[in-house]
Amino acid sequence: MKQRKTEVLIVGAGPAGLAAALELKRLGLTDLLVLERDPVAGGMPRFCHHTGFGILDRHRLMTGPGYAAAWVADAKRQQVELLTQTTVIDWTGPLTCLATGPEGLQEIEARAVLLATGCRERPRAARLVAGSRSQGIFTTGSLQDFVHHLNCRVGKRAVIVGAEKVSLSALMTLAKARCRAVAMVTSFPRHQFYGIYRPAKIALADLLHRAPVKVNSAVHQILGHERVEAVEIKNLLTGDCTSTPCDTVVFTGDWIPDYELARSGGVPMDAGTLGPAVDRRLRTRKAGVFAAGNLLRGAETADVAAKEGILVARSIQTFLNHHDADFPCVPIVPDAAVRWVSPNLASPEDALMPCGKVRFSVKDFYRPARVRIEQADQVLFEQRLRACVPNTSYAISDHWMTKVNFAAGPVRFSVVQ
Amino acid sequence: MTNLKPPMKPFDVAIIGAGVVGCAIARQLSRYTLQCVLIDSEPDLGMGTSKASTAIWHTGFDAKPGTLEARLLTRSYHLLEDYVPQAGIAYERSGAVLVAWNEDQFNALPGLLAKAHENGVRDVHLLSVDQVYELEPRLNAGALGGLMVPGESIICTYGLPLAMATEAAANGVALQFGFPVKSVASGEGAVQLLSGPAGSLACRYVINAAGLYSDEIDRLYGYTRFTVTPRRGELIVFDKFARPLVNHVLLPIPTGKTKGVLVSPTVYGNVMLGPTAEDLKDKTQKGTSNEGLDFLWKKGEAILSPLMKEEVTATYAGLRAATEHSDYQIFPSAEQRYICVGGIRSTGISASLGIAEYVQGLLEEMGVALQPKAEYQSVRLPPLGEAQTRPYRSESAIAADPDFGRIVCHCERVTAGEIKNALNSAIPATTLDGLRRRTRCMQGRCQGFHCHADVSKMLADHLGVKPASLIGYKE
């Protein structure tokens, strides 16, 4: 078996992983290795053929594949060592990974490991949706792959499960495949298309008009034999079920971090995000292991992931120079209304990140919303937001972390009306 | 797959049903100089009861002593002990723990122990509460005691019929899929003609191993001895991160009042919870129900609550061939040159080799001369279980073919090489489902989020069809 050493091992060549690699190069680090399990680097944006990428970080409007290609091209230009079709399958030491690929197995020992393994949508089974195991059931990810990469017709009438941003990607992908979306089903009392780039909304108006959002509803079961024939949609308020004929069901959103490698390496996880617990510098509680991108908390826009990549690169450089793995921190515990908070460890403010952001997502609609952060009896932070919508994340400043007492207990993060 | 070319001379033996029992009989008879054919109405083998079982290889410790089922289970267990490792079928001898949660169940333990001993399963023994928690520390509090059955094992439920059918085919048994039998007619001499929408087939002897449909085939011969009631068993499969929660198969204790469910590790490294038991009318109803999943969820909470905090990887339902009788319905009819092998209930995997040997005996009693073949070819399956070395981890496999280092399905780490092999094997995958069951692609935690399209493309390219046709899209 091949053995090699590297300063920094980056697992995952999506926007977060590649942005981190480029930033590390810019900071003067030459010895780093990026591993990507897919045959092509670029990550999730490769599958999203719609526009809306690159606004925050590349300052222009790009399609997903264009955005992914730009990162890969930059990495190539900066001579980042990138191995595709190479999967990390195990940890063989605290910072040593075992990878497999067409070249065989190799053991890679690093001084720091960045996990940027992304996320996935929960498929039908994980949502415990009953009924037949027919063909014609997709997630947005698999649908995009069929339509854009295989140029494949998928069906004629589709029901979309979810009415959040990614559900619109599914809607557009279905339109491209000439499959009519007949309904979008959400368990919430309203759709969650807030904060969408306005021209996209206008472009979608016609499609949305034809795919009514069924609110307070859930797919009760899928009916069919070889192929889906209908879905039974249950009104969660009345308990009534109605059958909607369709041959395609697309499960959208309900993101879960691809945490396999993090968990199998004993990296402590956060109960809210389901990703590794990290502080504002994206350090995990395992010394030398960092995390960035959608692994942290499910899908955010690609530019958010890329910005995290840049941030984590600086954090990794500091770690390599100062070995500051042992840092004071207390967990940020979300209350019942809050789905997750990221970062979820409060750590002291430092020169590296004088003012950062804390993102959070709520479980229900709040209009207006009051965010309150407390420790013991002390209110550290309070802010009123116009509205908070589920399946959308909000960013607040993290300057309140200066007030945290690291000898006291956890910080409570609450959102109220 | 079709390897019949009419017109042709009649087969000596036709086996109806390519489930685990039919495949075992086909393999058993392939040792002799007989022309056999294994037929099934489905496009692949193991598509009925065998497809969705709890994947437990039972010792038969709790079978009703003196029944044919008890006898064949015991015999089969020993035959499988040789065959399963030799054929490379994924299995683990995990052992089973029966946990008593109430007085009734606790009081049933000595009876179960006596029954096990009567069935010749001698290593079964009682466990104290402390011993139960020592073996299964993650179990919910409240257990009163238990019973240990060291011989109970977990097995790859699809690998067993696949290995046996492949071996049968390698030794000359013809395979005919997509061939439902709707009528039987006497031809000239001792020949019978099996017919259905896909055509006709001539043979001298017929073995009915049609599982869920064995009563319907039996009626074609004029019998109304039993009726198969499809008994739905729903199952929930949990993420591989749940695997450390359970060390043994946790079997329920039957008390007559309530049916329990089991929690079991799988050979692929998941944890399985189920099954429900619900009698249905429709033999094609293989979907899950909200009631069933709710029921399992509550049971899981009561047995091993940390399990319910892990992600669910899959849910599915299987139909067992239950009858109004408590024993197997195996009947030879010498005059009709017909053997009925019905009512195998839920013990087909465990009893398969015993049943096959028994059926061979019945054929001989009918006067079929069995002449052993001079050469017999055994077959070994590619490794699929966690206890085996999968290609992605094998330096030598990847060196021989780099496709074994190209992972296509990341969750289950299925490589392009394994998919290529499954497409070109002796009984190749011709559907996405067939490929899924042969390689485990798309069976992992993402359920195809990442690989559904890639795998479909590989199969479509191989078959020379459009990917859309594989997902059931019709213009």
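**Salt bridges and the interface**

Analyst: Let's begin with one residue. Arg263(A) counts as partly exposed, because its relative accessibility is 28%. Keep in mind that this is a predicted model.

User: Which residue does Arg263(A) form a salt bridge with?

Analyst: Glu310(B). The closest N and O atoms are 2.9 Å apart. The pair crosses between chains. Arg263(A) lies in helix H6 (residues 260–264) of chain A, and Glu310(B) lies in the loop between H7 and S18 of chain B.

User: And Glu310(B), is that buried or exposed?

Analyst: Glu310(B) counts as buried, because its relative accessibility is 14%.

User: How many salt bridges are there between chain B and chain A?

Analyst: Five. One of them joins Asp90(A) and Arg393(B), at 2.7 Å from N to O.

User: What about polar contacts across the interface of chain B and chain A, how many residue pairs?

Analyst: The rule finds 18 residue pairs, counting those with both residues at pLDDT 80 or more. Several elements of chain B give two or more residues to the side that touches chain A. Among them are helix H7 (290–303), strand S18 (312–322) and helix H12 (452–463).

User: What kinds of residues are on that side of chain B?

Analyst: They divide into 20 nonpolar, 15 polar and 11 charged.

User: How many residues are in contact, chain by chain?

Analyst: 46 residues of chain B are in contact with 57 residues of chain A. The two chains bury about 4,500 Å² between them, and 54% of that is on carbon and sulfur atoms. Phe449(B), Ile471(B) and Tyr473(B) supply 16% of the area that chain B buries against chain A, more than any other three residues.

User: Back to salt bridges. How many over all chains?

Analyst: The count comes to 50. One is within chain A: Glu23(A) with Arg26(A), the closest N and O atoms being 2.9 Å apart.

User: Why are Glu23(A) and Arg26(A) separated by about one helical turn?

Analyst: Because they are three residues apart in helix H1 (residues 15–26) of chain A. Glu23(A) is buried, with a relative accessible area of 6%. Arg26(A) is exposed, at 59%.

User: Which pair links distant parts of the chain?

Analyst: Take Glu69(B) and Arg345(B), whose side chains meet in a salt bridge at 3.0 Å, N to O. They are 276 residues apart. Glu69(B) is in helix H2 (residues 68–86) of chain B. Arg345(B) is in the loop between strand S20 (338–342) and helix H8 (348–365) of chain B.

User: And how accessible are Glu69(B) and Arg345(B)?

Analyst: Glu69(B) counts as buried, at 4% relative accessibility. Arg345(B) counts as partly exposed, at 30%. Elsewhere, salt bridges that share partners join Asp44(B), Lys51(B), Asp433(B), Arg436(B), Arg437(B) and Arg438(B) into one network.

User: Last one. Where is Arg232(B) found?

Analyst: In strand S13 (residues 229–238) of chain B. Arg232(B) counts as buried, because its relative accessibility is 6%. A polar contact of 3.4 Å joins its side chain to that of Glu234(B). Beyond its neighbours within four places in sequence, Arg232(B) is in contact with residues including Thr276(B), Gln285(B) and Leu319(B).

How values were computed. Residues numbered from 1 in each chain as written. Chains lettered and ligands numbered in written order. Predicted model: local features only at pLDDT ≥ 70, side-chain atom pairs only at ≥ 80, totals over all residues. Heavy atoms only, no water. Contact = heavy atoms within 4.5 Å. Buried area = accessible area lost by both parts, 1.4 Å probe. Salt bridge = Lys/Arg side-chain N within 4 Å of Asp/Glu carboxyl O. Polar contact = N/O pair within 3.5 Å; in protein donor to acceptor, adjacent residues only side chain to side chain. Helix = DSSP H or I, 4+ residues; strand = E, 2+ residues; numbered from the N terminus. Nonpolar A, V, L, I, M, F, W, Y, C, P; charged D, E, K, R; others polar. Buried < 20%, exposed > 50% of the residue type's maximum accessible area, 1.4 Å probe, protein only.
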